Amino acid sequence: MRAIGLMSGTSLDGVDVALIETDGIALKVDRTENGFIEPLGPTGYRPYTDDERALLRQALVDSEKIETLGERPGCLGEAEELVTRSHAEAVETFLADNGLQAADIGVIGFHGQTVVHRPDQRMTIQIGDGSILAARLGIPVVYDLRRADIEAGGQGAPLVPVFHRALAEASGFAGPLGILNLGGVANVTLLTEGGDLLAFDTGPGNALIDDWMRERTGRPLDDGGRTAARGRADGALLAWLLTHPFFARKPPKSLDRNWFSHKLAGQLSTEDGAATLTAFTAQAVARALDHAPEPPLRWIVAGGGARNGELMRLLNYHLRSEITTADAVGWSSAYLEAQAFAYLAVLSQLGLPITFPATTGVPQPITGGVKALP
């Protein structure tokens, strides 16, 4: 089946689009001469404008007032319409650019935009209307992929590990392997030599660094980690941040984007604050090793953080094992999560599990997602 995955992450940069082919177990891949896999399929991107990002950031603020699933206080209704429309536009452009028709696509996996994630309250909300998206595009859409897991007592995150395992198997990579996704929030998949999974959020990813740079410089990110590289991390603040109970908690566990704030570094210079928040992300990842059944011999890093040279340098120092980027092994750092949601949509269509006790803490492997037909 050809499937399209859509992802709009906590960094609020835009909509990622990716196409894969799978039977729901194995991924269709081609190999290069050196054994690495070729890209799984074409990808696309629809950036948010400055005004759209501002609306989504306000939606995150307004979402703090939500007490029940159906509530859309403040600007959330307008933001949900934006998310639906922007994802539809992203798919329409992607299909046109790649000479595809709606009939060529079996299903779309639509993540939506997370505005609330409170697993302890059994609540997770990703805004975006899957039914409207399916009707506009003429393609079945699977959405609300976290809800079933949350309602069954799981953390609802991370969802990507089952795809990580399929991708590692397609690539011929055996464990112990660590796959690290550095999005707004960082999450890790630990694959043992026997193929068992353990996955959880490690802590902040790019979100704090991006928020810091936006407030201090007006730029959306620390390009290449250059600002952090010029600064010096505040050791006392860093040590205090790492005492947060989240890091000692045994997985599975997940993190809301707003649990930590860049304002905790507010007394520091721009460079020192960037250095401290970057070091915080790296050391939080290293704390994941406290929970690893088998310390990974190799790490593959994906997500926007893989382009942050200073963050990668710190990870190399703290993890002390082979580290490479997803792009370097034929995977896609930028589109890995979009590909994953395409894969999850196919699993959902087939009624196969998408979450597991060792990935989200759900009592037993379960499927998930709501299907909307055109």
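Which residues form one aromatic cluster? I started my notebook with that, and the residues are Phe-246, Phe-247, Phe-260 and Phe-280.

**Ground rules.** I'm working from a predicted model, where local features need pLDDT of at least 70, side-chain atom pairs count only at pLDDT 80 or more, and totals for chains, interfaces and linings use all residues. Residues are numbered from 1 along each chain as its sequence is written, and side-chain values use heavy atoms, with hydrogens and water left out.

**Entry: aromatic pairs.** I counted rings of Phe, Tyr and Trp (its six-membered ring) as a pair if their centres lie within 6.5 Å; planes under 30 degrees apart are stacked, over 60 edge-to-face, and the rest tilted. That rule gives six aromatic pairs. I looked up Phe-247 and Phe-260: their ring centres are 5.8 Å apart and the planes are at 25°, so this pair is stacked. Phe-247 belongs to helix 9 (residues 245–248) and Phe-260 to the loop between helix 9 and helix 10 (270–287), so the pair ties together parts 13 residues apart in sequence. Helices here are DSSP runs of H or I with at least four residues, strands are runs of E with at least two, and both are numbered from the N terminus.

Next I checked Phe-260 with Phe-280: the centres are 5.3 Å apart and the planes at 75°, so I noted this pair as edge-to-face. Phe-280 sits in helix 10, 20 residues from Phe-260.

Are Phe-260 and Phe-280 buried or exposed? Both are buried, meaning under 20% relative accessible area, while exposed is over 50% and partly exposed is in between (1.4 Å probe, protein chains only). I got 7% for Phe-260 and 2% for Phe-247, which is buried too.

**Entry: charges over rings.** My rule wants NZ of Lys or CZ of Arg within 6 Å of the ring centre and within 35 degrees of the ring normal. The charged end of Lys-253 sits over the ring of Phe-246, 4.6 Å from its centre. I also found Arg-298 over the face of Phe-173, at 4.6 Å from the ring centre.

**Entry: helix 3.** Which residues of helix 3 (residues 130–137) are buried? I noted Gly-130, Leu-133, Ala-134 and Leu-137.
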